[in-house]
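This briefing covers selected local features of one protein chain. Please keep the sequence and the structure in view while reading.

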Amino acid sequence: WDFVDVWAIDENTTTAFLQGLPNPSAINKDNFDFAQLEGEGTEENPYIIHNLKELQAVSGELNSYYVLANNITIEDGYNFVPLGTESNPFTGSFDGNGYTISNLTIDSLFENAGLFGAVDSATIKNLNITNASINTVSDKAGVLAGSVIGNANINSINISGKVNSTANYTGGLIGKVSSGSLNTINITDIN
């Protein structure tokens with residue numbers, strides 16, 4: 001473990017992370033006040049996402065219902081932390097409401113790189129992702145999700161961008177699908 005040039009660790013924590021990347025443990029339910037969001041995270045009254053901070057906070061409640069309220073453009077240089085992992089996947093519902101997330105950038109050494117790291121028994125629909133750039137040397141990478149490990153329902157998704165990986169299970173939309181339903185998917189300009 002090289003804590004001079006490669007790894008970092010925050011004071012009073014025990015989890016190391018790569019220098020230059022956001023601390024994954026810094027984004028969780030305890031660090032974001034979900035009372036700030038409109039809605040209750042239920043099917044009848046989903047959380048409403050307006051900006052990047054609120055989008056990134058989805059990691060704090062992976063089993064809730066969300067809907068985008070507008071387009072979100074991610075500023076240059078922001079390295080997005082995927083929503084969910086295989087051990088703690090996204091299991092909720094995400095309705096893009098026809099809006100677009102632009103400039104999604106993920107540079108990661110960890111498995112499951114995508115807007116959603118891992119998805120299990122979730123619904124993702126009506127979402128556009130443009131100008132995405134996913135770069136990893138680990139398994140399971142795609143613009144929408146690194147992996148779908150359970151019966152996910154994915155509908156009306158449009159993506160464009162690039163996915164670079166030297167590992168297994170790399171796809172334009174999803175790196176690896178174990179089971180699920182994919183409908184009305186449009187993929188353009190994927191390198």
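A residue is called buried when its relative accessible area is under 20%, exposed when that area is over 50%, and partly exposed in between. Lys140 has a relative accessibility of 10% and therefore counts as buried. The model is predicted.

**Salt bridges**

- The count of salt bridges comes to two.
- Lys140 and Glu86 meet through their side chains in a salt bridge, with an N to O distance of 2.6 Å. This pair links distant parts of the chain, 54 residues apart: Lys140 belongs to the loop between strand 10 (123–136) and strand 11 (145–148), and Glu86 to the loop between strand 5 (72–73) and strand 6 (93–95).
- A salt bridge also forms between the side chains of Glu111 and Lys140, at 3.6 Å from N to O. Glu111 sits in the loop between strand 8 and strand 9 and Lys140 in the loop between strand 10 and strand 11, so this pair ties together parts that are 29 residues apart in sequence.
- Through shared partners, the salt bridges join Glu86, Glu111 and Lys140 into one network.
- Side chains of opposite charge can pair when their charged atoms come close.

**The loop between strand 8 and strand 9**

- Phe110 is located in the loop between strand 8 (105–108) and strand 9 (116–119). With a relative accessibility of 40%, Phe110 counts as partly exposed.
- Together with Leu109 and Val137, Phe110 makes up a nonpolar surface patch, and the three residues have about 270 Å² of accessible area together.
- Asn112 lies in this loop between strand 8 and strand 9 as well. Although Asn112 is not a glycine, its phi is positive, at about 70 degrees.
- Is Asn112 buried or exposed? Asn112 has a relative accessible area of 6%, so this residue is buried.

- Strand 8 and strand 10 run parallel and are joined by four bridges. Ser108 has Thr136 of strand 10 opposite.
- Asn126 is part of strand 10. Phi of Asn126 is also positive, near 55 degrees, in a residue other than glycine. Asn126 counts as partly exposed because its relative accessibility is 29%.

- Three strands form an open sheet in the order 9-11-13, and their pairing is parallel. Strand 9 and strand 13 (174–177) are the edge strands, each pairing on one side only.
- On average, neighbouring strands of this sheet are turned by 5 degrees against each other, direction ignored.
- Three bridges connect strand 9 with strand 11 in the parallel sense. Phe116 stands opposite Ala145 of strand 11.

Definitions and conventions: Residues numbered from 1 in each chain as written. Predicted model: local features only at pLDDT ≥ 70, side-chain atom pairs only at ≥ 80, totals over all residues. Heavy atoms only, no water. Patch = residues over 30% accessible without salt bridge, like charges linked within 9 Å, V, L, I, M, F, W, Y side chains within 5 Å. Areas by Shrake-Rupley, 256 points an atom, 1.4 Å probe, with all protein chains shown as cover. Salt bridge = Lys/Arg side-chain N within 4 Å of Asp/Glu carboxyl O. Helix = DSSP H or I, 4+ residues; strand = E, 2+ residues; numbered from the N terminus. Buried < 20%, exposed > 50% of the residue type's maximum accessible area, 1.4 Å probe, protein only. Pairing = 2+ DSSP bridges. Axes fitted to C-alpha atoms, helices over the stretch in contact; angles between N-to-C directions.
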